[in-house]
There are 4 protein chains.
Amino acid sequence: MTNTRAGRPRDHRIDVAVRDAAVDVLNEVGYAGLTLEAVAARAGTSKPALRRRWRGRQHLVVDALVTTVGATPTPDTGCTHCDLIAGIHSLTEAFTTRIGRRVLPALVADLADDPELAELFLREYFHKRRASTAAALRRGIERGDLDPELDLDLALDMLASTIYYRVLFGHLPVTDELAERVVDVVLGGVATVEWRRCHPRAEAEAGARSGS
Amino acid sequence: MTNTRAGRPRDHRIDVAVRDAAVDVLNEVGYAGLTLEAVAARAGTSKPALRRRWRGRQHLVVDALVTTVGATPTPDTGCTHCDLIAGIHSLTEAFTTRIGRRVLPALVADLADDPELAELFLREYFHKRRASTAAALRRGIERGDLDPELDLDLALDMLASTIYYRVLFGHLPVTDELAERVVDVVLGGVATVEWRRCHPRAEAEAGARSGS
Amino acid sequence: MTNTRAGRPRDHRIDVAVRDAAVDVLNEVGYAGLTLEAVAARAGTSKPALRRRWRGRQHLVVDALVTTVGATPTPDTGCTHCDLIAGIHSLTEAFTTRIGRRVLPALVADLADDPELAELFLREYFHKRRASTAAALRRGIERGDLDPELDLDLALDMLASTIYYRVLFGHLPVTDELAERVVDVVLGGVATVEWRRCHPRAEAEAGARSGS
Amino acid sequence: MTNTRAGRPRDHRIDVAVRDAAVDVLNEVGYAGLTLEAVAARAGTSKPALRRRWRGRQHLVVDALVTTVGATPTPDTGCTHCDLIAGIHSLTEAFTTRIGRRVLPALVADLADDPELAELFLREYFHKRRASTAAALRRGIERGDLDPELDLDLALDMLASTIYYRVLFGHLPVTDELAERVVDVVLGGVATVEWRRCHPRAEAEAGARSGS
DNA sequence: GTTTAAGCGAGACGGTACGTCGGGTCTTCGA
DNA sequence: TCGAAGACCCGACGTACCGTCTCGCTTAAAC
C-alpha cells in the first residue's frame with residue numbers, strides 16, 4: 001500500500017548494471033581514476049541516475065565493495081590460536097585482489113571527510129568482519145586461553161591492523177605466514193621471562209588472572 | 001662545481017612560500033580539497049613553477065608533511081618499556097593535528113598508485129620515524145628485556161599500526177593511554193599462563209631463552 | 001516545438017554578458033591582447049561556457065563586432081554620386097573606433113586560417129554592408145549614370161578597398177574627403193581625354209552605350 | 001675601427017639558418033602557429049639568439065618575407081596601360097604563394113600594434129614595390145596619358161588595394177585578368193558619358209586639363 | 001704573450017593562457 | 001508524479017609558449 005509510491009518505479013536493472021560497471025572501472029583505473037561519468041557510460045545510463053542512488057562515488061564504491069569483497073567469517077574449530085590465524089589470514093586474502101589493495105585504502109581515506117560514509121562503511125563492511133573475530137576471542141576467554149580481562153577492542157585492532165599497515169605503506173610484503181606471526185605476538189608478546197618477572201604490574205595481573 | 005649548472009637558477013624563496021602555502025591550504029580544506037592552483041595562488045606564484053619542483057600534489061604534500069609533522073625521535077632512558085611507550089605516544093600526537101588526522105590517510109592511499117611517491121614517502125617520512133623506535137627495540141634486546149630472536153620489523157609494525165588503524169577507520173578513539181596498552185600487549189601478549197604452558201613452541205623458546 | 005529540446009537550456013544572460021565583456025576587453029587591450037580567460041572573468045562566467053557558444057576567440061569577436069560596428073546602410077537619395085560617397089564614408093567612420101581600426105584588421109587576418117570563420121564573417125558582417133552599396137550601384141545603372149555592363153563586384157571592391165588599404169598599412173591617413181575622391185576615380189577614372197580617344201576598346205564601349 | 005667592437009663576433013650562419021627555418025615554419029603552420037621556439041629549434045639554435053637579432057617574431061617574419069617575396073619591379077615599356085597592368089599583376093603573383101596569402105595579412109594586422117615594425121615593413125617591403133609603380137604613373141603623366149593633376153597616392157592605392165581586398169576577405173577569387181580590369185577602371189571609370197556631361201566639376205576639370 | 005672583459009650561445013626559470021575533463025545541477029520529456 | 005536523460009556551468013588540470021635571467025665559453029682588445 002504505502003510501500004508502492006506514486007510515480008514511475010525505479011529500474012532495478014540499472015542498479016546491478018552500475019555496480020558491475022563500477023567494479024570493472026575500479027579494476028581498470030583504480031579508485032582515483034574512477035569517474036561517475038565513466039561508470040554511467042559503461043553501465044549504459046546517465047550521471048543523474050547514479051546520483052539518485054548514491055550520494056557520490058564513495059558511496060557507490062562502498063556498495064560495490066560490499067558486493068565484491070565479502071567478509072569471510074572467522075571459523076570456530078575449538079582452537080583459539082587456529083581460529084584467530086584463520087580469521088586474520090582471510091584478511092590478507094582480501095588484499096590480494098586489486099580492489100582490496102588499491103581501492104580500499106583510498107576509500108578509507110575518504111571516510112574522514114564524510115561521517116555518513118564512515119558510518120555506512122563501518123556498518124556494512126568493517127563490523128561484519130570484526131564481529132566474527134570478536135566471537136573467536138570471546139570463545140578463547142571462555143575456554144581459558146585468553147586473559148578474561150583483556151581489552152577486546154584493542155586485541156581486535158592489533159590483530160587486524162598490521163595487515164592494513166603493510167598494505168598501506170608497502171614497506172614490507174604481506175607474506176602467507178604473517179597472520180600466524182601476528183597472532184603469536186598478540187597472544188604471547190615479545191618480552192623475555194626476565195622482563196616479565198621484573199614488571200610485576202603486567203605479570204602480577206597475568207599471574208592473578210591465571211591463578212584464580 | 002657541480003652545483004653551478006647552465007640556466008637560470010631556481011628561486012628558493014618560492015620553495016618555502018609554496019610549502020607554507022600548502023600547509024595552510026591543507027589545514028583549511030584538507031587533502032581532497034587541495035589544488036595546485038590554490039596553492040600556487042596563495043604562494044604568489046604559478047602552476048608551472050610548482051610542477052617544476054614537484055611531480056604532483058602528492059609529492060608536494062609529502063614535502064610539506066616532512067617539514068611540518070617532523071618525527072619526534074624515540075627517547076633513550078634506559079627503560080625499554082618507557083621508551084617504546086614514549087615513541088608510540090609521539091605517533092598519537094602526530095594525529096592530533098588536522099594534517100595528521102585527515103591528510104596523512106589520504107596521502108597514504110595515493111602511495112599505491114605511484115611507486116616513486118611511495119619510495120619518497122618511505123624514505124623521507126616513514127623510515128625516519130621507524131628508525132629511532134627500531135633502535136629502542138635493539139637496546140631492549142641488548143638489555144635482555146626483549147626476545148633476541150624477535151622479528152624486529154613485525155614488532156615495529158605492531159607497535160605503530162594500531163594507532164593508524166584507529167585513525168583510519170575511526171571506529172574507536174585514540175586515547176592518551178593507547179600507546180601504553182599497545183606496548184603492554186606487544187611485550188606481554190594477551191594469553192593466559194595456562195595457554196602458554198600448553199603451547200610449548202612459543203613458551204619453549206621463551207624458556208630456552210630465559211634459561212640460558 | 002523544436003525549440004524545446006532535452007537538457008538544461010542555455011542561460012542567455014551569459015551571452016550578452018560575454019559579448020559586452022568582449023567589447024570592453026577589445027577596447028582596452030585590443031585583439032592580440034584579448035584572451036578568453038579575461039573575457040570569461042569579466043563576464044562573470046567560465047571558459048567552457050564561452051567555448052560552448054563560440055569556437056574560439058575569433059568567432060566571439062565576429063559576434064561582438066556585428067553587435068557593435070553594425071553596418072550603416074548606404075542611403076537612397078536619387079543621386080548616385082552622393083549615395084556612393086555616403087556609403088563609403090560610413091566605412092571610414094567605422095574605422096574611427098578603436099575596434100574598427102585595430103581589431104578588424106587582425107580579425108581579417110585570421111580569416112585565412114579558418115574557412116568556417118571566413119564564411120561567418122562574410123555572412124554576418126561583410127555582405128550586409130556590401131549589399132546596400134550594391135543596391136546603390138544598381139540604381140545608378142537604372143538611372144543611366146553608370147555603365148550597365150560594369151563589373152558590379154569589381155566596382156564594389158574598388159570603392160571599399162582603398163579605405164581598408166590605408167587603415168591596414170597606415171602609410172597614408174584616412175581623411176574625411178577620401179570617400180569622395182575614391183568615388184570620383186571609380187566613376188571618372190584618371191586618364192586624359194586623349195588617352196581615352198586612343199583606346200577605343202574602353203571608349204568605344206562607353207560611346208556605344210551613350211549612343212544607344 | 002669603431003666598427004669592430006670588442007667581444008665575440010656574431011655567428012652569421014645563425015642568421016641565415018634562422019631565416020630559412022622561419023620560412024619553412026611559415027609554410028607549414030602559418031603565421032599564427034609560428035613560435036620562436038619552433039624556429040629556434042629548427043634552426044639548431046636557441047631563443048635568446050633569435051631575440052638578440054629580432055625584436056619579436058613580427059620583425060623576424062618581415063625579414064624573412066623581404067628575403068622571400070621580393071618585389072618584382074613594374075616594367076617600363078612605353079605603354080602606360082601595359083606597365084600598370086604588369087605591375088599590378090606581379091602583386092597577384094605574390095599572393096599565390098602560401099606565405100603571401102596567409103602570412104602577409106596577419107603580419108600587416110600586427111603593424112597597428114608596433115609603430116617601429118610598421119616603419120620597418122613600409123620601408124623594406126611596401127614602398128619598394130610602390131615606388132616602381134609610382135614611376136610608371138609619372139611616366140604616364142609625362143606621356144600625356146594620365147591626368148597631370150591626379151592624386152598619385154590615391155591612384156597607387158586604388159590600383160593595389162583591390163588585390164589585397166580580395167585576398168583578405170576571400171569573397172571573390174583573384175583571377176588572372178583582375179589586374180587588367182582594375183587598371184581599366186582606374187584609368188577610365190565606370191560612369192556613362194551622360195553622367196560625365198552632367199557633372200561638370202569632374203568633367204570640366206578633365207576637359208580643362210585635356211584642353212590645355 | 002698574457003690578461004681582461006665584453007659579447008655570445010644556450011639552458012632553465014617564472015608566468016600567462018590555452019584547451020579539456022569531470023563534478024554537480026537544472027530542465028524537459030516520457031513512463 | 002516521479003524517474004531517465006541530456007545539456008549546462010564551473011573548478012581545476014596539465015601543457016605550450018613567451019620573455020627573462022643566468023651561466024660558461026669564445027674571442028678580441030688592452031697591457
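A salt bridge is counted here where a side-chain nitrogen of Lys or Arg lies within 4 Å of a carboxyl oxygen of Asp or Glu. One such pair is D:Arg102 and C:Asp113, whose closest N and O atoms are 2.3 Å apart. The structure is a predicted model, in which local features need pLDDT of at least 70 and side-chain atom pairs count only at pLDDT 80 or more, while totals for chains, interfaces and linings use all residues. Residues are numbered from 1 along each chain as its sequence is written, chains are lettered from A and ligands numbered from 1 in the order in which they are written, and side-chain values use heavy atoms, with hydrogens and water left out.

The contacts between chains are described next. Contact means heavy atoms within 4.5 Å. Between chain D and chain C, the contact involves 58 residues of chain D and 57 residues of chain C. The size of an interface is often given as the accessible area lost when the parts come together. Buried area is taken as the accessible area (1.4 Å probe) that two parts lose on being put together, summed over both. For chain D and chain C this comes to about 5,300 Å², with 65% of it on carbon and sulfur atoms. On the side of chain D, the three residues D:Tyr165, D:Phe169 and D:Val190 supply 13% of the area buried against chain C, more than any other three residues.

Six salt bridges are counted between chain D and chain C. The count of residue pairs in polar contact between these chains is 23, both residues being at pLDDT 80 or more. A polar contact is a pair of N or O atoms within 3.5 Å; within protein, one must be able to donate a hydrogen and the other to accept it, and residues adjacent in sequence count only if both atoms are side-chain atoms. The helices of chain D that each supply at least two residues of the side touching chain C are α6 (98-111), α7 (115-142), α8 (152-169), α9 (178-188), α10 (193-198) and α11 (200-211). Helices (H or I, at least four residues) and strands (E, at least two) are DSSP runs, numbered from the N terminus. The largest share of this side, 12 residues, comes from α8(D). By class, the side of chain D that touches chain C has 31 nonpolar, 11 polar and 16 charged residues. In this division Ala, Val, Leu, Ile, Met, Phe, Trp, Tyr, Cys and Pro count as nonpolar, Asp, Glu, Lys and Arg as charged, and the others, Gly among them, as polar.

Chain A and chain B also form an interface, with 58 residues of chain A in contact with 57 residues of chain B. Chain A and chain B bury about 5,300 Å² between them, and 65% of this area is on carbon and sulfur atoms. In chain A, the residues that lose the most area to chain B are A:Tyr165, A:Phe169 and A:Val190, together 13% of what that side buries. Six salt bridges are found across this interface. In one of them, the side chains of B:Arg166 and A:Asp157 meet at 2.5 Å, N to O. By contrast, chain A and chain C do not touch, their nearest C-alpha atoms being 12 Å apart. No contact joins chain B and chain C either, and the closest C-alpha atoms of these two chains lie 15 Å apart.

Within chain A, A:Leu152 is found in helix α8. Leaving aside residues up to four places away in sequence, A:Leu152 touches A:Ala134, A:Leu137, A:Arg138 and A:Ile141. The C-alpha atoms of A:Leu152 and A:Glu116, 36 residues apart along the chain, are separated by 26 Å.

A disulfide is a covalent bond between the sulfur atoms of two cysteines. With a disulfide taken as a pair of cysteine sulfur atoms within 2.5 Å, the count over all chains is four. One of them joins A:Cys79 to A:Cys82, at 2.1 Å from S to S. The link of A:Cys79 and A:Cys82 is right-handed, with 70 degrees about the S-S bond.
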